[in-house]
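Student: I would like to learn how to read this structure. Could you take me through it feature by feature?

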Amino acid sequence: MALARAGRPLDSACNRAYNRVRLACISQCERRKGLPVELVPLLRKLSEATGVSGYEHPIRDLVAEEFGRYATSIRSDTLGNLIALVPGSGPEPRPSIMLAGHMDEIGLIVSHIEEGFLHVPGMHSYDERVLPGQEVIVHGWRELHGVIGARPPHVLAPGESEKPYPTDKLLVDTGLPPDEVSQLVRVGDLITMNAPLVELKGGLVAGKALDDRAAVAAVAVCLEELSRSQHEWDVYAVATVQEEEGCKGALTSAFGLAPDIGIAIDVTWAHQPGAPDEYTYPLGEGPTISCGPNFHPGLVKALRDTADSLEMDVHLEPAARPGGTDAWAIQIAREGIPAGLLSIPQRNMHTPVEVCSVKDIERVGRLLAAFIRALDGKSLDKLTFDLGLDETE
Amino acid sequence: MLLEELSNAFGPSGCEDQVRRILARAVRSQVDELHSDALGNLIALKRGRGREPRLRVMVDAHMDEVGLMITRIEKNGLLGFRVVGGIDPRLLMAKRVVIGGERVPGVILAPPIHLTKAAQRAQVVGVSELAIDIGATSDAQARECVHLGDYATFATRFEVLTEGGLRVAKGKAFDDRAGCAVAAALVDEEYDIDLALSFSTQEEVGLRGAQVAAFALRPDIAFALEGTICDDMPKKADVSPTTRLGQGPAITLMDRSFIADHRLVRLLQETATQQGIPYQIKQPGIGGTDAGAIHQSRSGVPAVALAVPCRYIHTPVSLLSMVDLDNLVRLMKAVLHSLPEGWTG
C-alpha cells in the first residue's frame, strides 16, 4: 500500500536493460491445469526477491514464471508492468477484467559514501525507527550483504537512547574497506532488506515486501482456480510497478488494457498495538472489500455477494477518499473504469517483518476466481447507475 | 567453524546450556578436567608440563549474550518482554526473534507508518510498549509453546561477508562468543603453566559467573577474553572509536569494572611486539568485563582483558574481523608459552 500518492520518483535514467520488453513474448505458454499453488514456498520466493519501485526486473521474471503457468500470453509494457492474459470462453468481442497486484517493494537508496560506509537518507516509505540493527542487501556492482549498524549502549551519551535514531547516523556497513566499497557501490544504488520469510504459528508468515507480493500470490491462486473451470471473460493478471511511488504502473496498464472492470488487490492494516482499531481489521479472518468513492458500488455489492455465496468471512473497509492503492489509478484511466479493491490484512506494514495470514491470501484468490466465473454477457449491465427514470413516462 | 556455531547458538544470561554443550564438545579431547559449577560455568583444566608448583592461569570468556525474557502473555496471544542485559530499546522494533526451548519464531511488532503520526515517530517506543507476535491468537494458544520466563534471542544467522582482507563476518552474540572461540582455540597446544579455562555465565547481568569461578579456581593471574566495542564508523563529533576493526586485538588498560595489572599489560605488549602481532589499546573507561570480578577475588588476582573488536555489540547483528580473532589466538598462545618466566609477580 502506498504511503503517498505522489512520491519522489526514482531516477529513471538508471532504468537499464530491463525496460526493453524482454518478456515481449513468452507467449503461448503451455497452460497447465490443476496444479495447486503451494502458497508458502511461493510467498517465500516472491517475498525474498528484489524489486524496488522502478527497478522491478528481478521480481518480474519470477512473476512471469508463475503467471505463465496459466496464461496464453505474457508481456511487459513500457513501464515494466507484467501482463498475463488468461482468455475466457465467451463470444468475441469479450469483455475483460484486470487484476492488479503491485510487485514493487519499498527500499533504500545510497545517498553518499563516507569512509566505506553508505549513508541512506530518511526515506518516506519507512518509519526510520525500524531501521537501525536491520540486515540489508546492497545492490551494487554485485550484491553485498550488510547491516545498518547501531552503536552499542556503552558509548551513548546520557539520554541519547530516549530520542529516535538520527537518520544521518543510519549507516550501512558491508564490512568491506573503503577502496573496495568505492569500486562496488555508487550513489544511487538500491538497498533492500535481507529478510528471509519466517513461518509463524497459526498459518502466518512474516517477511519483507508482502506488501504487495501477498497479492501477487493471491492472483496466482485465482489463476490456478480458473484453470480448472470455464469462465467467459478475458482475464488480465497484472503485476504492476511503482505503486509505492504513486501507482504509476496501474495508471499506464489500465490505460493500455482498457478493461471493463479493474480490481486492485493490496494489503490493509491488521489489528495490532499502536494502530487505531478504526482503521484496522482482524488478521486471518478474511479479506476486506473496500467501499467509498474510489469503488464502483455495483462492483462492491457483487464482490460482497460472491463472498456470501462462498460463505466466506469478509470485512467491509470504508475509505472516505480515493487513494493509496492501484484502484485509485484504475478508476480514472481513460473514460473511467469500475474499480474494486480486495485487501489482505497485514501487520507491521512497511517493515521487514510484514505479517500476513496465508489463509487470507488464499481466500482472496478464491473470491476473485468465483467472481470471475460468474461474469457473463449481462454482468456489465449491473454496473450502470440507475437514472431513476420511469420507462412509462 | 566454531565461531559460527557459537554465534548461532541460543544463550542469554542464565540460559547458556546450548553454548556450554558446544564448548564442552570442542575442548573435551584436549583438556584434563571438564566440569560445570553451581552457576553453570564450564571449567576446563589443562595441566602444564612444568615442575610443581605451577603457575595457575585463568582464561575467562563469557558464554552468555544479551537477549529478552518473556514476562507477559496477553489475552490476544502477544508476548510482552524485558531485556536481559543492555540493549538499546530503539533497536527492537520490527526484529526477528526466537523464543524458548522450542525456538519458536516471532517478530517484534512495529505499527504501520501510514497510521503513525509524525509526532509519534519522534518518540522512542519503550520496551514495555513492545510485543512479540508468534502467530498465536489467544493466551491459551501462546502458552502451548511459550511460557513466562522463557528467554528469546535475535534470529540473526552467522555469515562471512568478506572472504579476503579482514575476513569480516556478521552474526549475533560476538560479545562474547568471539572470546569463547579464542579461549577454546588455546587448548590444542601444551604449556608449562596450568591453564584453567572458565567459560562463564551471566556476565551481562553483573559478572556473576566469573566471580564464583575465580573463587573456586584460585588463579595466580587471569586473562578475560572479550568481543568489545568498536565504534569506528564515521561520526561528526570527534569521538573516540574505542577500538578499530582490523587493527588487531585490543588490550584494556582500564574500564568501568577494573584497572588492568600493568605488568600483564606490559607482558602482552612485549609479546605482541616480539611476535609481530598487531594490537591496539582500547579507549580507557568504557565498558566492563569479567576481569572486574576476577581481579577482586579472594585476596586479589592480577588480571587483564583482551578483546576482538566487534562493531555493533549488544544489537541484533554485529561485525568482526576474523583476522583480529586469529591474532588474538596467536597473542594468547605466545603469552601462555612465555609463562611462567614472563611473570615475575
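Predicted model: local features only at pLDDT ≥ 70, side-chain atom pairs only at ≥ 80, totals over all residues.

Tutor: Start with a pair of helices. The crossing of α5(B) and α9(B) is right-handed. A crossing counts as right-handed if the near helix is turned clockwise from the far one by less than a right angle, and as left-handed if anticlockwise. Helices (H or I, at least four residues) and strands (E, at least two) are DSSP runs, numbered from the N terminus.

Student: How do I describe two packed helices?

Tutor: Two packed helices are described by the angle between their axes and the distance between the axes. Axes are lines fitted to C-alpha atoms, for helices over the stretch in contact, and angles run from 0 to 180 degrees between N-to-C directions. Here, α5 (residues 174–184) and α9 (residues 322–338) of chain B have axes that come within 9 Å and cross at roughly 45°. That makes α5(B) oblique to α9(B). Angles under 35 degrees count as roughly parallel, over 145 as roughly antiparallel, 65 to 115 as roughly perpendicular and the rest as oblique.

Student: Which residues of α5(B) and α9(B) meet?

Tutor: On α5(B) they are Ala178(B), Ala181(B) and Val182(B); on α9(B) they are Leu325(B), Leu328(B), Val329(B) and Met332(B). Two residues are in contact if their C-beta atoms, placed from the backbone, lie within 7 Å. By class, this contact has 7 nonpolar residues, no polar and no charged. Ala, Val, Leu, Ile, Met, Phe, Trp, Tyr, Cys and Pro count as nonpolar, Asp, Glu, Lys and Arg as charged, and the others, Gly among them, as polar.

Student: At what angle do the axes of α6 and α8 of chain A cross?

Tutor: At roughly 110°, and the axes come within 9 Å. The helices are α6 (residues 297–309) and α8 (residues 358–373). They are therefore roughly perpendicular to each other. Ala302(A), Leu303(A), Thr306(A), Ala307(A) and Ser309(A) of α6(A) touch Leu367(A), Ala370(A) and Phe371(A) of α8(A). The classes are 6 nonpolar, 2 polar and no charged.

Student: Now the strands. What order do they take in the open sheet of chain A?

Tutor: Two strands pair if DSSP finds at least two bridges between them. In chain A, 7 strands form an open sheet in the order β4-β10-β7-β8-β9-β6-β5, with antiparallel pairing. The edges are β4 (108–109) and β5 (112–114), each with a single partner strand, so one side of each is left without a neighbour in the sheet. β5(A) pairs with β6 (residues 117–119) over 3 bridges, in the antiparallel sense. There, His112(A) has His119(A) as its bridge partner.

Student: Which strands of chain B pair with β4?

Tutor: One is β5 (residues 79–84), antiparallel to β4 (residues 67–73) over 6 bridges. Gly67(B) is bridged to Val84(B). This pair forms a hairpin with 5 residues between the strands, and Gly77(B) in the turn has a positive phi of about 90°. Another partner is β9 (residues 151–154), antiparallel over 2 bridges. There, Met69(B) is bridged to Tyr151(B).

Student: What should I look for in the backbone?

Tutor: Most residues other than glycine have a negative phi, and most peptide bonds are trans. Ala209(A) is not a glycine, yet its phi is positive, about 60°. A cis peptide bond joins Glu92(A) and Pro93(A), with omega about -5°. Pro93(A) lies in the loop between β2 (82–86) and β3 (96–102) of chain A. Leu339(B) and Pro340(B) are also joined by a cis bond, with omega about 10°.

Student: How many residues does each chain give to the contact?

Tutor: Chain B gives 50 and chain A gives 53. The chain B side has 28 nonpolar, 12 polar and 10 charged residues.

Student: What confidence does the predictor give?

Tutor: pLDDT is the predictor's confidence in each residue, from 0 to 100. Chain A has a mean of 90, and 90% of its residues reach 70 or more. Its residues 5–34 are below 50. Chain B averages 96, with 100% of residues scoring at least 70. For the complex, ipTM is 0.91 and pTM is 0.91.

Technical notes:
Residues numbered from 1 in each chain as written. Chains lettered and ligands numbered in written order.
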